[in-house]
Amino acid sequence: MDRLHPQAVAGAVWAVALVLAGANCAAAQQPVRDRVTLQLEGASSRTIIACTVLDYTGEEITIRTRPNQAARTYPASQVVEVQTPQTEPHMRGLDEFAGGRLESAAAAFEQALGEETRGWVRRDVLAMLVHCAYRRGDYVGATTRFLALTESDPAT
């Protein structure tokens, strides 16, 4: 059996590492795919756009349909629905909230707030924390979260 030269092994290991690093970088650069449904002014039917939502405020939504394309902005009044992937804690919080389990919903939303990186989705999580606190009678907590929410987006 032939022995492999140590430099050849080291070179092969580096080559595999570079390929894996490139795959991980490419995966990290893939945009989150969202679906935005709009009712454009003057249009008789709704428009569904597969895109990445860059920001969504009380005034407008900013989207990008392809990584190298310019962003497009639409008034929030034209947004009918936004579908976006959510973290597991965010989904769990929504389920718990729908089931009336406010304490566990709030805990899940707190975890989601720590994991979510998209500002516009973080605002949605904050809004759910406001709802949880208000329904539990925690008016100070609801007010604190609401103030943080309006500070992030005054038009919310």
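Reader: What makes α2 roughly antiparallel to α3?

Author: The axes of α2 and α3 come within 8 Å and cross at roughly 160°. Angles under 35 degrees count as roughly parallel, over 145 as roughly antiparallel, 65 to 115 as roughly perpendicular and the rest as oblique. The angle therefore places α2 roughly antiparallel to α3. Axes here are lines fitted to C-alpha atoms, for helices over the stretch in contact, with angles running from 0 to 180 degrees between N-to-C directions. The model is a predicted one, in which local features need pLDDT of at least 70 and side-chain atom pairs count only at pLDDT 80 or more, while totals for chains, interfaces and linings use all residues. Residues are numbered from 1 along each chain as its sequence is written, and side-chain values use heavy atoms, with hydrogens and water left out.

Reader: Which residues in α2 and α3 meet, and how many of them are nonpolar, polar or charged?

Author: P89, H90, R92, G93, L94, E96 and F97 of α2 meet L102, S104, A105, A108, F109, Q111, A112 and E115 of α3, where contact means heavy atoms within 4.5 Å. By class, this contact has 8 nonpolar, 4 polar and 3 charged residues. The classes are set by residue type: Ala, Val, Leu, Ile, Met, Phe, Trp, Tyr, Cys and Pro count as nonpolar, Asp, Glu, Lys and Arg as charged, and the others, Gly among them, as polar.

Reader: In which crossing, left-handed or right-handed, does α2 pass α3?

Author: The crossing of α2 and α3 is left-handed. That term applies if the near helix is turned anticlockwise from the far one by less than a right angle, and right-handed applies if clockwise.

Reader: What makes α2 roughly parallel to α4?

Author: The axes of helix α2 (residues 88-98) and helix α4 (residues 119-135) come within 12 Å and cross at roughly 30°. That angle makes α2 roughly parallel to α4. The crossing of α2 and α4 is left-handed. In this contact, H90, L94 and F97 of α2 meet V121, D124, V125, M128, H131, C132 and R135 of α4. By class, the contact of α2 with α4 has 6 nonpolar, 2 polar and 2 charged residues.

Reader: What makes α3 roughly antiparallel to α4?

Author: Helix α3 (residues 102-115) and α4 have axes that come within 9 Å and cross at roughly 155°. This angle makes α3 roughly antiparallel to α4. The crossing of α3 and α4 is left-handed. Residues of α3 in the contact include L102, A105, A106 and F109, and those of α4 include V125, L126, M128 and L129. The contact of α3 with α4 has, by class, 11 nonpolar, no polar and 3 charged residues.

Reader: Why does W120 count as buried?

Author: W120 has a relative accessibility of 9% and therefore counts as buried. Buried means under 20% relative accessible area, exposed over 50% and partly exposed in between, with a 1.4 Å probe and protein chains only. W120 lies in helix α4. Not counting residues up to four places away in sequence, W120 touches D34, V53, L54, D55, Y56, V82 and T84. The C-alpha atoms of W120 and Y56 are separated by 5.5 Å, although the two residues are 64 apart along the chain.

Reader: Why are I49 and T62 buried?

Author: The relative accessible area of I49 is 10%, so I49 is buried. For T62 the value is 14%, so T62 is buried. I49 is in strand β2 (residues 47-56), and T62 is in strand β3 (residues 60-64). Leaving aside neighbours within four places in sequence, T62 is in contact with T52, V53, L54, D55, A71, R72 and T73. Of the 156 residues of the chain, 30% count as buried.

Reader: What makes the aromatic pair of Y134 and Y139 edge-to-face?

Author: The structure holds 2 aromatic pairs. One of them joins Y134 and Y139, at 5.5 Å centre to centre with 65° between the planes, and is edge-to-face. Rings of Phe, Tyr and Trp (its six-membered ring) pair if their centres lie within 6.5 Å, and planes under 30 degrees apart count as stacked, over 60 as edge-to-face and the rest as tilted. Y134 has 53% relative accessibility and therefore counts as exposed.

Key: Helix = DSSP H or I, 4+ residues; strand = E, 2+ residues; numbered from the N terminus.
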